[in-house]
Amino acid sequence: MSARGLLNPSRRRIALSVVGVVLGLALAATGLFQRRGPPRQTAVPPGYAALVNGRGVLMSDFISETQTETEKPFGETTAAERARVLRQMIDEELLVQRALALDLPETATEVRTALADAVDAQAAAPVLAEQPTEAALFAYYQKHRARYESYGSMQLRDLVLHVGGFQNADQTFSQADADAIEAVYQLRSGASVEHVAEHFGLVDSGREGRGAELDFAAKLHLGSQLYEIAQRMSTGQVSDPIAASDGVHVLVMEVRRAPAVEDFPTARAQVYSDYRQALVRQAERANLGILRGHAQILVTPGLSE
Amino acid sequence: VSIPTELRSAAGARPARRRGRFHRETLFAVVLLVAIGGGLAVRARLHREQLAYRLLAELPDAAAQDPGLRRFAASVAKPIFAEHCAACHGVDMRGNPAVGAPDLTDGVWLWGDGSVYDIERIILYGVRAGISNTRDVDDMPAYGLKGTFAYQGVPGFEGRIVGGAALDSGEVWALVQYLLKINHRPYQGEAASIGERLSRQGSTSCRDCHAPDLKGVSDYGAPNLTINVWNNGGTPQDLYNSIYFGRHRMMPAWQDVLTLEQIRALAVYIHSASHGGRS
């Protein structure tokens, strides 16, 4: 077309249209046909080492696993080492997929426990990052002072007058009770335990431990009935006669250290531990609250949770 | 003077034809511009897809070697960093001691060696995020609070923490003085000597995690104590608090929040920032 032809308006319109279309197509085509364009049919998307039934094995995980397995930087691993690790990871992915197909989270106790623990751990992670201040710890201590009671201990004699054929004793319960009352009187008057025991035929029950015992151990040895009385006694005190199935007991408390609430500095280490545990439980409960809020839970008639 | 009819009509039609031609040419110009604009948009989009593909297709550290990919990663990462990361690490990436968020520009790394791969792993799985693969070996213990766990006398019964804290307040201050000394800051000589002895004791065992030379162990996330870089603040009181109350800092895992492309872009961007904008 000559320059004169372009001056013709109708030809100029056609020429401009052609130029515009060609230019637009050319620009688009340069993008479409550039040499390093993303493949249209990529089997494995970038960032993944493999796809297993559509589930990706992350390249980052593959590198990490290879380095761990070979104890070498990824760049120094051989093709054979990488292939071995990748095979293991694909196998693992297949097994995990099989586990899901078999519905193991619903049927295998270990899997359920592991899943529940993992969710709890995830819920607890942010709250554990909270740094407790001294004031927060002290407030927690004040609120839960009863928890920081130290164990008491006791060293005592448990004397018994057997009755009714027990260990060949031939006295009646009333005789034993009367003797025990007299024995208690003498003990409280300052007579020695050995003297009184010999005089009235009192013997060690064998229930008490040797030396001082912590309260929970004394309770196990004495039994609930005698322990309830013993734990209220103080050092040097003699109990009233106590009727039991094997005879009449008299407790002589030699040394008693009653339980006491530890002061804050003493208890602080335990407070710190308890405080963090409380935060974890709180986070777990909150998480469950959210889950319950979004769940439909039906309970069979007659049952409640 | 009378004008012939044919001449009158020809004179009146000329401006109308000009207007019509003007409109048509404007329309063609618009079509032309739209075609060019559309072409450019398609080209830009395809170019972006190519860069996104290459960013992920490369191994992590190789991606950071390409200036074009670094620029692309920065363009992707900047708004994501502002939205998700800046709250803790700061808009300028220089960290926040109040929450223990480290400075990402100083080239000092708690976990790993600061490679794109290591940064990416941390973004993917977080630190102490409560999931598998997260970076979580141990906390900085609270030596002013941490007692000795023991069974009080009887095996098989519930134990309690007894024996008080591993370090008292004075001992913690002594350790602080020792830290000041090895970082070439003003310190109290006698207390620093006590602190040095304490740092070697089995019960406090600073060197178990921070290495015998106290230069840190990145496998544990135990920082280098000799370069005066402190994620939780470096004043004597800050150091005291770290030893006395311990530290348990966490970073969330972003694997289910961000795409792989976004995570890789962030890793390259942060890596680049830690190298002064280069890699």
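Predicted model: local features only at pLDDT ≥ 70, side-chain atom pairs only at ≥ 80, totals over all residues.
Residues are numbered from 1 along each chain as its sequence is written, chains are lettered from A and ligands numbered from 1 in the order in which they are written, and side-chain values use heavy atoms, with hydrogens and water left out.

Let me return to the rings. Over all chains the structure holds 10 aromatic pairs, where rings of Phe, Tyr and Trp (its six-membered ring) pair if their centres lie within 6.5 Å, and planes under 30 degrees apart count as stacked, over 60 as edge-to-face and the rest as tilted. The centres of A:Phe138 and A:Phe264 are 5.1 Å apart and their planes stand at 85°, so this pair is edge-to-face. Because A:Phe138 lies in helix α7 (residues 134–143) of chain A and A:Phe264 in helix α12 (residues 264–293) of chain A, the pair ties together parts that are 126 residues apart in sequence; helices here are DSSP runs of H or I with at least four residues, numbered from the N terminus. A:Phe138 is partly exposed, at 36% relative accessible area, whereas A:Phe264 is buried, at 10%, with buried meaning under 20%, exposed over 50% and partly exposed in between (1.4 Å probe, protein chains only).

Turning to the nonpolar cores, which are sets of buried Ala, Val, Leu, Ile, Met, Phe, Trp, Tyr and Cys residues joined through side-chain atoms within 4.5 Å, the largest has 39 residues, and those with the most contacts inside it include B:Phe81, B:Met93 and B:Ile270. Helices α1 (5–57), α3 (67–89), α4 (116–125) and α9 (260–274) of chain B each supply at least two of its residues, and the largest share, 10 residues, comes from α3(B). A second, separate core of 33 residues includes A:Ala278 as well as B:Ala142, B:Leu145 and B:Cys206.

Among the residues that line it are A:Gly47, A:Met59, B:Glu120 and B:Arg264, and α9(B) gives the most, with three residues.

Note on methods:
1 Å grid on protein atoms, 1.4 Å probe; cavity = no way out; pocket = protein on both sides within 12 Å on 5 of 7 lines; lining within 4 Å.
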